[in-house]
Amino acid sequence: MHDAPIIKLGGFNLDLSAVLMLFVSGAIVFLLCVIATRRLSVENPGKLQNFMEWVVEFVQGIIGSTMDMKKGKPYVSLGLTLILFILVSNLLGLPMGIITEAHQPETIFGHIIEATRTLGHGDHAEILWWKSPTADVSVTAGLALVVFILMNFLGLKNNRKHYLKHYVEPFPILLPLNIIENLAKPIALAIRLYANIFAGEVLITVILKLGFAGIPFMAAWQGFSIFVGALQAYIFTILTMVYIGQMTIHEEGESH
Amino acid sequence: MTILWENILITILAFGVLYWLLNKFAFGKLFAVMEKRRELVQNQLEEAKQTREQATVYVEEQKEALKQARQDAFEIIELAKSNSSKQAHDLLDQAKQDATRLKEEAVRDIESERTKAVEALRGEIGAFSVNIASKLIEREVESNPAEQEKLIGQYLKEVGSRS
């Protein structure tokens with residue numbers, strides 16, 4: 001099992017790998033979008049602009065399938081950011097992983113890496129630096145928490161009466177169940193994404209141990225992982241929109 | 001699987017910053033241009049529709065004009081046909097009249113010529129008769145003048161009635 005390069009910084013545990021990978025993902029997404037929207041043209045769009053417009057229309061399709069497009073318009077940016085960020089994050093761990101092996105306590109930026117603190121003679125720890133950020137349950141939990149806060153906030157803000165009423169329906173005694181249902185949403189989001197990507201990376205590590213014999217398996221699994229990464233980004237985005245739609249829009253004749 | 005609340009916080013912050021940056025530097029422009037493009041396509045569709053409608057109207061007009069032209073042409077041809085037949089009829093009539101007139105003239109000419117000839121002949125015969133008579137008279141008048149005069153009168157009458 002690989003350890004994370006965590007350092008203690010003023011009482012906080014700072015996971016350098018997560019910080020690095022989040023930064024890399026964010027930077028890639030940002031650069032992609034900025035480059036794609038640098039030379040926008042109304043009459044004669046370039047290839048990158050066409051690609052971005054395709055992505056936007058794809059996200060609009062997702063939103064349109066879960067709620068009224070007029071009400072869903074403000075969420076296009078959110079959906080775009082989510083799908084691009086999660087997709088890039090999922091794919092980052094596929095081409096490579098960077099792992100260092102430590103045999104004694106190591107320090108970085110003058111701080112000791114926690115996983116290597118107790119290493120004695122003959123022990124070793126493998127520190128995983130480069131991975132998919134979404135292969136870390138804390139990161140996916142962060143994303144899910146954003147969605148959770150957002151959907152409840154939007155529900156309270158735009159649809160307060162029905163949002164609150166929903167908790168005591170169909171019977172007031174089901175209040176605890178409804179709360180659990182609400183809480184289960186972000187947990188399911190976080191764990192689904194984390195487990196899919198983490199399992200993919202574990203399997204890549206295992207195939208790597210096969211050496212050259214593993215090349216065909218690796219090729220197949222890499223391809224499948226790209227598919228899984230895209231699929232998980234899509235699922236995360238569409239679930240986000242479904243939840244927001246459920247919370248904010250009260251449809252006549254519906255029980256919540 | 002350990003959950004670090006610091007990681008959760010960092011992720012939320014990173015995601016928020018990314019969302020803000022993308023909105024500020026990329027998506028705003030992109031959405032505006034996409035809206036413009038949508039309008040452009042809409043306008044072009046509208047224009048195409050209008051052009052098509054105009055074309056339909058134009059084609060209808062052309063059809064109408066063609067129909068009118070055909071009818072006109074038909075009328076002109078009909079008129080020409082009736083004109084030509086009338087003209088032919090007129091010509092024929094004219095020719096018949098001319099022929100009749102010519103025939104009548106010819107008949108009149110023949111009549112007058114005959115009359116003239118008869119007159120001339122009668123004159124000549126008269127003269128010849130006188131001549132003959134005078135010759136006969138020279139020989140016979142003296143013997144029987146009354147008988148001779150009667151003979152000449154009868155003779156002249158016969159010539160006259162025969163003409």
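**Terms and their grounds**

Student: Why does A:F51 count as partly exposed?

Tutor: The model is predicted. In it, A:F51 has 35% relative accessibility. Buried requires under 20% and exposed requires over 50%, so A:F51 falls in between and counts as partly exposed.

Student: What makes A:F51 part of a nonpolar patch on the surface?

Tutor: A patch residue needs over 30% relative accessible area, and A:F51 has 35%. A:F51 forms the patch with A:L31, A:I35, A:L48, A:W54 and A:F58, and together they have about 570 Å² of accessible area. A:F51 lies in helix 2 of chain A, which gives the patch its largest share, four residues. Helix 1 of chain A also gives two or more.

Student: What is the largest nonpolar core made of?

Tutor: That core has 61 residues, and A:C33, A:F236 and B:L22 have the most contacts inside it. Elements that give two or more residues include helix 8 (215–248) of chain A and helix 1 (5–140) of chain B. Helix 4 of chain A provides the largest share, 10 residues.

Student: Which residues is A:F236 in contact with, leaving aside its neighbours within four places in sequence?

Tutor: They are A:L82, A:I86, A:L143, A:A144, A:V147, A:L189 and A:L193. A second, separate core has eight residues, among them A:I7 and A:W129.

Student: How do you know what residues 6–27 of chain B are?

Tutor: The label "transmembrane region" comes from an unreviewed UniProt entry. In the model these residues are 100% helix, with end C-alpha atoms 29 Å apart.

Terms used. Residues are numbered from 1 along each chain as its sequence is written. Chains are lettered from A and ligands numbered from 1 in the order in which they are written. This is a predicted model: local features need pLDDT of at least 70, side-chain atom pairs count only at pLDDT 80 or more; totals for chains, interfaces and linings use all residues. Side-chain values use heavy atoms; hydrogens and water are left out. A nonpolar core is a set of buried Ala, Val, Leu, Ile, Met, Phe, Trp, Tyr and Cys residues joined through side-chain atoms within 4.5 Å. Buried means under 20% relative accessible area, exposed over 50%, partly exposed in between (1.4 Å probe, protein chains only). Contact means heavy atoms within 4.5 Å. UniProt positions are given in the numbering used here, feature names are shortened, and annotations may be inferred rather than shown by experiment. Patches are made of residues with over 30% relative accessible area and no salt bridge: like charges are joined within 9 Å, nonpolar side chains (Val, Leu, Ile, Met, Phe, Trp, Tyr) within 5 Å. Accessible areas come from the Shrake-Rupley method with a 1.4 Å probe; for residues, only the protein chains shown count as cover. A salt bridge is a side-chain nitrogen of Lys or Arg within 4 Å of a carboxyl oxygen of Asp or Glu.
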